Amino acid sequence: MGAFLRHLGRIDSNFIHDEEMQRLRRALAVRMVDSWAKLPRGLQVHLCLQFSTEEAQRNADAFLRAIVGNAELGKKGSSMKDRVVIIPEGDALNVASDLAIWSDKVLLVNGANRQLIGNHWFASRAKMAIDENLHRRSWRLAATAYMLNEYDGEQDILQRQEDTLVRRVKQLGGTVVDLNDSSSFLSRLGR
């Protein structure tokens, strides 16, 4: 929930106050946990929760209340309560990898920023994000992200313009195909 809700107060003043943001977090967590109850009976959910920052603690609070119950929302404990495994400070990619050793029926679900390669690489709050960790585990992805993000190892990345990634790909000799422009895409395919 973190990055997806973090600056909501900037576009909706109802969410400037911590109490309203926490109510929203809790309501979202309830909806998500309720959706898990529709999953097949034998399925287990392994939920990695972080506690290292205040924001992470608030998100964890929302999920824990959704699972065990939340009197404030008039919500009893979820029917999923016995099928959820909480992994404090767990690394989702590592947990999924470990579980996959024992079963071929493992699914990893994650939300990520689709506009940046490496999410918010090198930003202080992104150090635990799964796509950050994926880049940290693959030197090829890390090297590509360094090049595309123009990271020099010295400073944080500044605010990017809408065409920053396109310009950088072209600077490095790459080609950009706009998938929203079907004629351009089809011409690249030779059709």
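Student: How much space lies in the second largest pocket?
Tutor: About 200 Å³. A pocket here is an open set of points on a 1 Å grid over the protein atoms alone, with protein on both sides within 12 Å along at least five of seven lines. The volume is the space filled by 1.4 Å probe spheres set on those points, which are joined across faces, edges and corners.

Student: And which residues line it?
Tutor: Leu165, Val166, Val169, Val176, Val177, Asp178, Leu179 and Asn180 line the second largest pocket, each having an atom within 4 Å of a point. By class that's 6 nonpolar, 1 polar and 1 charged. Ala, Val, Leu, Ile, Met, Phe, Trp, Tyr, Cys and Pro count as nonpolar, Asp, Glu, Lys and Arg as charged, and the others, Gly among them, as polar.

Student: Anything to know before we go on?
Tutor: This is a predicted model, where local features need pLDDT of at least 70 and side-chain atom pairs need 80 or more, while totals for chains, interfaces and linings use all residues. Numbering runs from 1 along each chain as its sequence is written, and side-chain values use heavy atoms, leaving out hydrogens and water.

Student: What does the pLDDT average for the protein chain?
Tutor: The average is 79, and 71% of the residues score at least 70; pLDDT is the predictor's confidence in each residue, from 0 to 100. Strand 2 (residues 84-88) has the highest confidence, at 95, and helix 8 (residues 182-188) the lowest, at a mean of 57. Where pLDDT is low, the predicted coordinates should not be read in detail.

Student: OK, what pattern does the chain follow?
Tutor: α-α-β-α-β-α-α-α-α-α along the sequence, which comes to 8 helices and 2 strands. Those are DSSP runs numbered from the N terminus: helices are H or I with at least four residues, strands E with at least two.

Student: How much of the chain is buried?
Tutor: 28% of the 191 residues. Buried means under 20% relative accessible area, exposed over 50%, and partly exposed in between, with a 1.4 Å probe and protein chains only.

Student: Back to helix 7 (residues 164-171): is Arg168 buried or exposed?
Tutor: Arg168 is buried, at a relative accessible area of 13%. Leaving aside neighbours within four places in sequence, Arg168 is in contact (heavy atoms within 4.5 Å) with Met147, Leu148 and Glu150.

Student: And where does Ala56 lie?
Tutor: In helix 3 (residues 54-68). Ala56 is buried, with a relative accessible area of 13%, and beyond residues up to four places away it touches Gln50 and Phe51. From Ala56 to Met1 is 8.8 Å, C-alpha to C-alpha, though they are 55 residues apart in sequence.

Student: Switching to loops, where is Lys38?
Tutor: Between helix 2 (18-36) and strand 1 (45-49). Lys38 is exposed, at 73% relative accessible area, and its C-alpha is 9.4 Å from that of Met80, 42 residues apart along the chain.

Student: What about Lys105?
Tutor: Lys105 is in the loop between helix 4 and helix 5 (130-137) and counts as exposed, at 69%. Its C-alpha is separated by 9.4 Å from that of Leu43, 62 residues apart along the chain.

Student: Last one: what phi does Glu89 have?
Tutor: A positive one, about 55°, although Glu89 is not a glycine. Most residues other than glycine have a negative phi. Glu89 lies in the loop between strand 2 and helix 4 (92-102), partly exposed at 37%.
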